[in-house]
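Here is a friendly briefing to read with the model open beside you.

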Amino acid sequence: EVLVLSFNSFASRNLSADLGSFHKLNSFNASTNNLNGDVPTSMVGSLAELVLSSNQLSGLIPPGLFKYENLTLLDLSQNYLTGVVPDKFMSLSKLETLLLSGNELIGEIPASLPNVTTLTRFAANQSRLSGPVTSWITKHVRMLDLSYNNLSGMIPFDFLSHQGLQTVDLTSNLLNGAIPRNLSQSLYRLR
């Protein structure tokens, strides 16, 4: 059910095929290895946690990831992923943590993210995301990190007021205007 291969020197271009016979796989962690090629999407089982951070995975975030409807944790940070973040997160209705930091992702933050009412942590810092920050991004999340991107425009007046919001990092973007005064009672860290 749980397979942890992190902090090794594993390298594979066909990780999906290697794990295709693990029918009860629930949690897979292969972070901090030398995995390359595309993000694997042919694993079987009812995957709830997929951690592939700090590898050399490249290409787009594949649509096949969205078939894992039981995902609560998806960590693809610190890879070489490119393209836009797919706007298909509504199919991941149990997702709690989404980490996409340290990639070469472009475009705007997906509009479907606020529809994932279980999402409490979202990080896509150190990428090349652009466009505005909208108040719906903080609708459900408690921890948000969008630092070191190309986000622009003004911060909406209710962006920091959503109940439960605890940390927000917007460091090093192209934002302008005033910092909203209406702050969540739970907010303890704002950068």
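Is Val51 buried or exposed? At 11% relative accessibility, Val51 counts as buried, where buried means under 20% relative accessible area, exposed means over 50%, and partly exposed is in between (1.4 Å probe, protein chains only). Please keep in mind that this is a predicted model, in which local features need pLDDT of at least 70 and side-chain atom pairs count only at pLDDT 80 or more, while totals for chains, interfaces and linings use all residues. Residues are numbered from 1 along each chain as its sequence is written, and side-chain values use heavy atoms, with hydrogens and water left out.

**The nine-stranded sheet**

- Nine strands make an open sheet with parallel pairing, in the order β1-β2-β4-β6-β8-β10-β12-β14-β16. Strands here are DSSP runs of E with at least two residues, numbered from the N terminus, and two strands pair if DSSP finds at least two bridges between them.
- At the edges of this sheet are β1 (2-4) and β16, each of which pairs on one side only.
- Strands β6 and β8 pair in the parallel sense over three bridges, and Asp75 stands opposite Leu99 in β8.
- Val51 has its place in strand β4 (residues 49-51). From Val51 to Thr32 it is 19 residues in sequence and 9.7 Å in space, C-alpha to C-alpha.

**The seven-stranded sheet**

- Another open sheet has seven strands in the order β3-β5-β7-β9-β11-β13-β15, with parallel pairing.
- Its edges are β3 (36-37) and β15 (174-176), each with a single partner strand, so one side of each is left without a neighbour in the sheet.
- Strand β9 (residues 104-107) pairs with strand β11 (residues 128-131) in the parallel sense over two bridges. Ile106 has Arg128 in β11 as its bridge partner.

**Salt bridges**

- The count comes to two salt bridges, a salt bridge being a side-chain nitrogen of Lys or Arg within 4 Å of a carboxyl oxygen of Asp or Glu.
- One joins the side chains of Glu104 and Arg128 (3.2 Å, N to O). Glu104 lies in strand β9 and Arg128 in strand β11, so the pair ties together parts that are 24 residues apart in sequence.
- Glu104 is partly exposed, with a relative accessible area of 36%, and Arg128 is partly exposed too, at 43%.
- The side chains of Arg191 and Asp169 also meet in a salt bridge (3.5 Å, N to O). This pair links distant parts of the chain, with Arg191 in the segment after β16 (189-190) and Asp169 in strand β14 (residues 167-169), 22 residues apart.
- Arg191 counts as partly exposed at 48% relative accessibility, whereas Asp169 is buried, with a relative accessible area of 6%.

**The aromatic pair**

- There is one aromatic pair; rings of Phe, Tyr and Trp (its six-membered ring) pair if their centres lie within 6.5 Å, and planes under 30 degrees apart count as stacked, over 60 as edge-to-face and the rest as tilted.
- The ring centres of Phe66 and Phe89 are 5.1 Å apart and the planes are at 85 degrees, so the pair is edge-to-face.
- Phe66 lies in the loop between β5 (56-59) and β6 (73-75), and Phe89 in the loop between β7 (80-84) and β8 (97-99), so the pair ties together parts that are 23 residues apart in sequence.
- Both Phe66 and Phe89 are buried.

**Cavity and pocket**

- On a 1 Å grid over the protein atoms alone, a cavity is a set of points where a 1.4 Å probe fits but cannot get out, and a pocket is an open set with protein on both sides within 12 Å along at least five of seven lines; lining residues have an atom within 4 Å of a point.
- Grid points are joined across faces, edges and corners, and a volume is the space filled by probe spheres set on the points.
- A search of the whole structure finds one cavity of 30 Å³ or more, and the largest cavity has a volume of about 60 Å³.
- Residues lining the largest cavity include Leu113, Phe122, Trp136 and His140. The lining divides into eight nonpolar, one polar and one charged residue, where Ala, Val, Leu, Ile, Met, Phe, Trp, Tyr, Cys and Pro count as nonpolar, Asp, Glu, Lys and Arg as charged, and the others, Gly among them, as polar.
- The largest pocket has a volume of about 170 Å³. Of its 13 lining residues, Arg121, Met143, Leu144, Asp145 and Thr167 lie nearest its centre.
- Strands β10 (121-123), β12 (143-145) and β14 each supply at least two residues of the lining of the largest pocket, which divides into six nonpolar, three polar and four charged residues.

Note on methods. Helix = DSSP H or I, 4+ residues; strand = E, 2+ residues; numbered from the N terminus.
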